[in-house]
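My notes follow in the order I looked things up.

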Amino acid sequence: MAQLWGGRFTKETDQMVYDFNASILFDRRLYRQDIEGSMAHVKMLAKQGILTKQERDRILLGLTDILQDVESGRLEITSEYEDIHSFVEANLIERIGDTGKKLHTGRSRNDQVALDMRMYVRAEVQETDHLLADLLEVLQRIMEENINTFMPGFTHLQKAQPVTLAHHIGAYFEMFRRDRSRLEDIYERMNYCPLGAGALAGTTYPLDRNYTAELLNFYGPTRNSMDSVSDRDYVIEYLAALSTIMMHLSRFSEEIIIWNSNEYRFVELDDAYSTGSSIMPQKKNPDIAELVRGKTGRVYGALMGFLTTMKGIPLAYNKDMQEDKEGVFDAIDTVKSCLKLFTGMVDTMKFNEKVMEASAKNGFTNATDVADYLVNHGVPFRDAHGISGRLVLRCIAENKALDDLTLEEFRAESSVFEDDIYEAISMKTCVEKRLTLGAPGEAAMRKVIAGNRRYLDETERL
């Protein structure tokens, strides 16, 4: 058993205890962060005169070789080691001798693992931001192409008022745009370096924490050594952001599942993002959307699990905090795969424009516009509401859309109606006269789409 702390102990750790305590099977994915953090630490130690330049160069060369060997597959990270820190240090000593034992000068595993996890999460925050930006580009394209694709808008899953596909997709654009802003907030708060905090109370060595932070692209060092090693707020915030992303993906997936059904037929999913049935040859199932919807609970579980883990931990570091990894790693992997697959699915699915427009007409989504027509001709709104409702009842009884009624049938309910009622309640008119910012009218939508394009072009990815 490769351990860094055996001097205090007179007997071997029980194997079951060792296995329960070890983290190498999951924290091995932190190998790059551990090695890069060690390189920065060694450079700082040499700068401060704690190590010689020769010692610095030998250690850096050894660490570089270990990194290259791991990434090429020549060196395997095995359960022989307790954790990734033990693996790196033991291999370094094996390669360069006693000089490797000086790597840990002025450092604890507590601030080391805090650094590794912070660097790892920082990189994943950036990658998540990139994946969201890719999805937003796809949504932007759909919006640009469907400014005049009419469809029903819904409340309570009931057809309500006519909108456009661009407008509907635009709602998800706003959600995922907010998700990116949350990631930016997390990045800003978390981008401070805990290395140099030691176990909990700093160190007597004259470390230059600002220099280490600069080498590792942090804004600066953390300001309290106890908080430095026990802070996992950024993990919780990231899990919360990932949960919100999954909630948005799940809502969108639910709509795609509904739209893909035989009853709606609003969309057709590409064969590459669908599956069939082992018994029913006619089936084309929206499995990707369903799995995204299902995996949302998995990510929520990681958030709630780690919140529960952290709720009773006194300062400073406690072994409980090792639980910040497995669930977090799984949540990150889940969200990244969901974003990639969801983006591909949406990018390739086809919209049945005629079906969507017919659904808006047959769902009486222009009933409010009938009432508005009457109000604009002097009828009190409450009376206009009743007249419009009776016209809808007639249409339901006769299996018609409001547009299909004759002028005589309109006038049977109110003499106010004239030939211009048909123009007033056409899908195009109903949508285009809604011109307030954020509404589905063409003029309003073009302003929003232009703003989206500026945002995508001018906002740097993390």
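I began with Arg265, which lies in the loop between H10 and strand S3 (267–268). I kept in mind that the model is predicted. Arg265 has a positive phi of about 55 degrees, although it is not a glycine. I noted the background: most residues other than glycine have a negative phi, and most peptide bonds are trans. Is Arg265 buried or exposed, or partly exposed? Its relative accessibility is 46%, so I put it down as partly exposed.

I then turned to Asn217, in the loop between helix H8 (209–215) and H9. Its phi is positive too, near 65 degrees. Asn217 has 57% relative accessibility, so it counts as exposed, the cut-off being over 50%.

Next I looked up the hairpin. Strand S1 (residues 150–155) and strand S2 (residues 158–164) pair in the antiparallel sense. I found six bridges between them. Gly153 stands opposite Gln161 in S2. Two residues separate the strands, and His156 in the turn has a positive phi of about 55 degrees.

I checked a peptide bond as well. Leu315 and Ala316 are joined by a cis bond, with omega about 5 degrees. Ala316 sits in the loop between helix H11 (287–310) and helix H12 (326–348).

Leu315 came up again at the surface. With Leu200 and Met226 it forms a nonpolar patch, and together they have about 270 Å² of accessible area. Met226 belongs to helix H9 (residues 225–230). I recorded Met226 as partly exposed because its relative accessible area is 31%.

Then I went inside. Which residues have the most contacts inside the largest nonpolar core? I listed Phe87, Leu139, Phe176, Leu239, Leu242, Leu249 and Trp259, in a core of 96 residues. Helix H10 (residues 233–259) gives the most to this core, with 15 residues. A second, separate core has 20 residues, including Ala371, Ile387, Cys395 and Leu405.

My last stop was Gly106, in the loop between helix H5 (84–96) and helix H6 (109–145). Its relative accessibility is 10%, so I marked Gly106 as buried. What does Gly106 contact beyond its neighbours within four places in sequence? I found His41, Thr203, Tyr205 and Leu207. I also took one distance: Gly106 and Ile77 are 29 residues apart in sequence and 25 Å apart in space, C-alpha to C-alpha.

Terms used. Residues are numbered from 1 along each chain as its sequence is written. This is a predicted model: local features need pLDDT of at least 70, side-chain atom pairs count only at pLDDT 80 or more; totals for chains, interfaces and linings use all residues. Side-chain values use heavy atoms; hydrogens and water are left out. Patches are made of residues with over 30% relative accessible area and no salt bridge: like charges are joined within 9 Å, nonpolar side chains (Val, Leu, Ile, Met, Phe, Trp, Tyr) within 5 Å. Accessible areas come from the Shrake-Rupley method with a 1.4 Å probe; for residues, only the protein chains shown count as cover. A salt bridge is a side-chain nitrogen of Lys or Arg within 4 Å of a carboxyl oxygen of Asp or Glu. Helices (H or I, at least four residues) and strands (E, at least two) are DSSP runs, numbered from the N terminus. Buried means under 20% relative accessible area, exposed over 50%, partly exposed in between (1.4 Å probe, protein chains only). A nonpolar core is a set of buried Ala, Val, Leu, Ile, Met, Phe, Trp, Tyr and Cys residues joined through side-chain atoms within 4.5 Å. Two strands pair if DSSP finds at least two bridges between them. Contact means heavy atoms within 4.5 Å.
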